[in-house]
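Notebook open; the entries below record what I looked up, in the order I looked.

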Amino acid sequence: MSLSPSQFLAVALSSANTSFALSYSDPDQRWVIRKHLLLLLQEYPSFSLSTESFTHDNGTTVWLLNAGGHLHVSGSAPRIHVMIWVHEDYPYVAPKVFVVSENPINKNHPFVKPCGSVVSTYVRTWEYPGSNLKDLVHNLVKLFSHHHPFFTIPGPKLSHPTLASRREAMDRLVGSLYSDVVAINDDAREELEQLGALQSEMVKRSDIATSMVISLEHEKLNLKKAVSDLATDADTLMNWLKVHHPKFGAPDSVNEMAEKAFEAADEVSGLVMEALAADGAVEDVIYALEKGLEESVLGPEVYVKQVRSLAREQFHHKEMLLRCSRQDNLV
């Protein structure tokens with residue numbers, strides 16, 4: 001015959017001096033635990049009681065009472081299986097609450113960690129005698145109706161801020177802040193990824209620039225070597241000319257020969273060369289003025305004035321060429 005919750009608690013809390021004795025030593029503490037669990041079961045009869053070993057994060061293993069059951073938070077959402085472990089220092093320390101499911105917890109849930117541990121405001125601000133198991137579960141139903149652990153559902157609206165309890169307002173604020181933090185983290189993560197990609201591109205470009213600089217340095221060294229080799233070859237050639245052609249012995253002999261190759265044979269030829277050179281120079285200046293006029297560097301008045309002056313000068317040069325030509329024909 002199965003025991004009623006009251007009988008189960010009486011047996012479990014009275015067991016002592018056994019390997020399975022619960023870790024509640026104070027009689028007053030046991031009385032409070034019994035009272036709170038019975039109130040929880042009275043409000044949520046689908047919950048059931050059991051005793052099991054519990055291992056804390058520091059590795060300590062204790063025997064505790066736990067209450068487990070399913071919470072119905074919405075008509076369209078699946079029920080949520082929660083397990084409440086009554087801490088060995090209860091009621092002065094909050095119980096351990098877990099969401100038990102094979103489904104993964106909704107990413108970035110503000111009140112449930114990926115491992116299933118519940119970190120609601122009610123649990124974090126637990127304070128006896130104002131806190132108890134029944135109100136804890138009632139708070140979980142409200143929280144999960146807005147923030148389901150497995151997916152997002154459209155839940156009922158929160159009450160008006162002026163009518164909301166202090167804890168409900170705190171839960172609302174925590175959920176809103178947590179959503180903002182998640183959004184900010186996502187934006188920051190995306191920005192970091194973009195900056196990382198930009199950094200990689202900059203490193204790549206830096207490597208290319210460094211490679212180009214090294215290549216230019218090598219090219220510079222090669223050009224210096226080529227210039228040095230050419231200078232050495234030129235010295236070798238000059239020394240050879242000095243030995244085999246004495247007329248190249250003087251430093252300015254080559255330049256003098258080059259100048260003599262363009263010297264006029266007589267006075268008339270010299271005048272012809274000067275006139276031709278001056279005529280060609282005038283033609284170059286007139287061409288430059290035309291370009292300046294096309295590009296609007298010069299105004300029409302300046303252009304006409306300069307061209308007239310150059311034309312008169314060019315006329316004199318051409319007249320000189322005609323005179324020299326006639327004189328050459330007479331000779």
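I call a residue buried when its relative accessible area is under 20%, exposed when it is over 50%, and partly exposed in between. The model is a predicted one.

**Entry 1. Aromatic pairs.** I searched the whole structure for aromatic pairs and found 6. I looked at Phe54 and Phe98: their ring centres are 6.4 Å apart and the planes stand at 45 degrees, so I logged the pair as tilted. Phe54 belongs to strand β1 (residues 48–55) and Phe98 to strand β4 (residues 96–99), so the pair ties together parts 44 residues apart in sequence. Phe98 has 23% and goes down as partly exposed. I then took the pair of Tyr122 and Trp126, which is edge-to-face, with 5.9 Å centre to centre and 75 degrees between the planes. Tyr122 is buried at 2% relative accessible area, and Trp126 is buried at 10%. I also noted a cluster in which ring pairs link Phe54, Trp85 and Phe98.

**Entry 2. Peptide bonds.** Most peptide bonds are trans. The bond from Tyr90 to Pro91 is cis, omega near 10 degrees. Pro91 sits in the loop between β3 (80–85) and β4. The bond from Tyr128 to Pro129 is also cis, with omega near 10 degrees. Pro129 sits in the loop between α3 (121–124) and α4 (133–146).

**Entry 3. Helix α1.** Which residues of helix α1 (residues 5–14) are buried? I found Leu9, Ala12 and Leu13. Viewed down the axis of α1, the buried residues fall within an arc of 90 degrees, so they line one face of the helix. I looked up what covers them, and the cover includes α2 (27–43), β1 and β2 (61–71).

**Entry 4. Salt bridges.** Side chains of opposite charge can pair when their charged atoms come close. My search of the whole structure gave 5 salt bridges, and I examined several.

- Arg205 and Glu201 meet at 3.2 Å, N to O. They are 4 residues apart in helix α5, which is about one helical turn. Arg205 is exposed at 53% relative accessible area, while Glu201 is partly exposed at 31%.
- Lys225 and Asp229 meet at 3.3 Å, N to O. They too are 4 residues apart in helix α5, about one helical turn. Lys225 is exposed at 53% relative accessibility, and Asp229 is partly exposed at 35%.
- Lys291 and Glu294 have their closest N and O atoms 4.0 Å apart. Both lie in helix α7 (residues 267–294), 3 residues apart, about one turn of the helix. Lys291 is partly exposed at 35% relative accessible area, and Glu294 is exposed at 60%.

**Entry 5. Nonpolar surface patch.** Which residues form a nonpolar patch on the surface? I listed Leu192, Leu195, Leu198 and Met202, with about 410 Å² of accessible area together. I checked Leu198 on its own: this leucine is in helix α5 (residues 166–244) and, at 48% relative accessibility, counts as partly exposed.

Key:
Residues are numbered from 1 along each chain as its sequence is written. This is a predicted model: local features need pLDDT of at least 70, side-chain atom pairs count only at pLDDT 80 or more; totals for chains, interfaces and linings use all residues. Side-chain values use heavy atoms; hydrogens and water are left out. Patches are made of residues with over 30% relative accessible area and no salt bridge: like charges are joined within 9 Å, nonpolar side chains (Val, Leu, Ile, Met, Phe, Trp, Tyr) within 5 Å. Accessible areas come from the Shrake-Rupley method with a 1.4 Å probe; for residues, only the protein chains shown count as cover. A salt bridge is a side-chain nitrogen of Lys or Arg within 4 Å of a carboxyl oxygen of Asp or Glu. Helices (H or I, at least four residues) and strands (E, at least two) are DSSP runs, numbered from the N terminus. Buried means under 20% relative accessible area, exposed over 50%, partly exposed in between (1.4 Å probe, protein chains only). Rings of Phe, Tyr and Trp (its six-membered ring) pair if their centres lie within 6.5 Å; planes under 30 degrees apart count as stacked, over 60 as edge-to-face and the rest as tilted. The arc is that of the directions from the helix axis to the C-beta atoms. Contact means heavy atoms within 4.5 Å.
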